[in-house]
Amino acid sequence: MTKSLFFVLSILVVAAMFLAACGADEPAATEAPLPPTDVPVVEDTAVPEEETEEEPVADLPIACFITDLAGVDDRSFNALGWKGVNDAVAAGYAQADPILLESDAAEDYQPNIEGCLSQGATHIITSGFAIFEAVSIAATENPDVLWTFIDGGGLGLDNVRELVYQTDEAAFAVGYLAAGVTQTGTIGTYGGANYPTVAIFMDGMTRGVAYYNEQKGTDVQVIGWSVETADGQFTGSFTDMGLARTTCEGMLDEGADIMLPVGGAINLPCGDAIIARGIDAALIGVDADAYLAMPETYKDLWLVTIEKGIDIQVTRSLQADAEGTWTPGGTIGNAANGAVGLSPLNSWEDKVSDELKSEVAALFQAIIDGDVEAAFTLLQ
């Protein structure tokens, strides 16, 4: 079996399960106003703050959050999941002092799940595709416990809600933006591992660059991902920062001046490499707005972030549990329902032409409206 076919089949399994149960109790999407750059952003509509006069909800869930290997301080994927848990607590939809268990190795997944259960958790939130097998076993053995599985799906269990994000829709628009900004005509990308939830960013961005080339008659190149083979450059680790820097350095040597690293904090070593070289280059962030989430040192490097509303969907799941409206199955966050989007341009606001900003905003709206097919079709 080819790598491309394997990738397609893995997404098909996820998609088949999600399509059966999508949208069970998700709130209707609202339109967020555009920021000054006219680049759409994810609107945090998870929980209104004016809920203080209502009677407290009885039998609030006891939440337990399990990170993947990047840890809760990754300023990205895990940090957003943990934020969603704490937002639910603050809003009165989960009991105080939620449990946090971090995974340093894949061998920690099962013990951490057991730790959640032994501490009385009634709603376990797990982070990342790699914990799939452990969740499958534990959720089957503990049918009275509810689970929210971030970036994983295909389980089809009555006590698991599966959160998946069509991030390639936003990545497509970002690829168009990056192709319009690059000075060298080369854009680089690498990920921690070739998981569908990582590769979808890389694939969407690459196809967005190709779309720019089609529209403009240019020849901007992407190194690190091939749409045809569904494979690319991966470090094999979400924690080896030395390897991440070496990977980035190699792409900078090939002329890349815009980089999309996917996988927690493995983007920061790339920032270090850019700063050390003193070159005019940029980073693309993922998940949380990197301009706000990452250390001050890197602020001027972030062109834009492909935002993913993990916190919004986690809070909604705990809210539904508290209110007795929780349902299992797949929930796909996409551009149309506001769960994926683009951050403001921040430090790059004055570096990007008004014409390009308008084109990106129009493209993203066309994606929302369905006039431009930007999503990896097998996930729809």
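Helices (H or I, at least four residues) and strands (E, at least two) are DSSP runs, numbered from the N terminus. The model you're looking at is predicted, with local features needing pLDDT of at least 70, side-chain atom pairs counting only at pLDDT 80 or more, and totals for chains, interfaces and linings using all residues. Residue numbers start from 1 along each chain as its sequence is written, and side-chain values use heavy atoms, leaving out hydrogens and water.

Let's begin in the loops. Asn 346 sits in the one between strand E14 (340-342) and helix H11 (354-369). Its phi is near 50°, a positive value in a residue other than glycine. Asn 346 has a relative accessible area of 24%, so it counts as partly exposed (buried is under 20%, exposed is over 50%, and partly exposed is in between, using a 1.4 Å probe and protein chains only).

Now hop over to Arg 75, in the loop between strand E1 (63-66) and helix H2 (77-90). Here, too, phi is positive in a residue that isn't glycine, this time near 60°. Arg 75 is partly exposed because its relative accessibility is 37%.

H5 covers residues 168-181, 14 residues in total, and reaches 19 Å from its first C-alpha to its last. That's close to the 20 Å expected at 1.5 Å a residue, where the expected span is 1.5 Å times one less than the number of residues. H5 is mostly covered, too, with 13 of its 14 residues buried.

Finally, look for Tyr 190 in strand E6 (residues 186-191). Its relative accessibility is 0%, so Tyr 190 counts as buried. Phe 201 is 11 residues away along the chain, and the C-alpha atoms of Tyr 190 and Phe 201 are separated by 10.0 Å.
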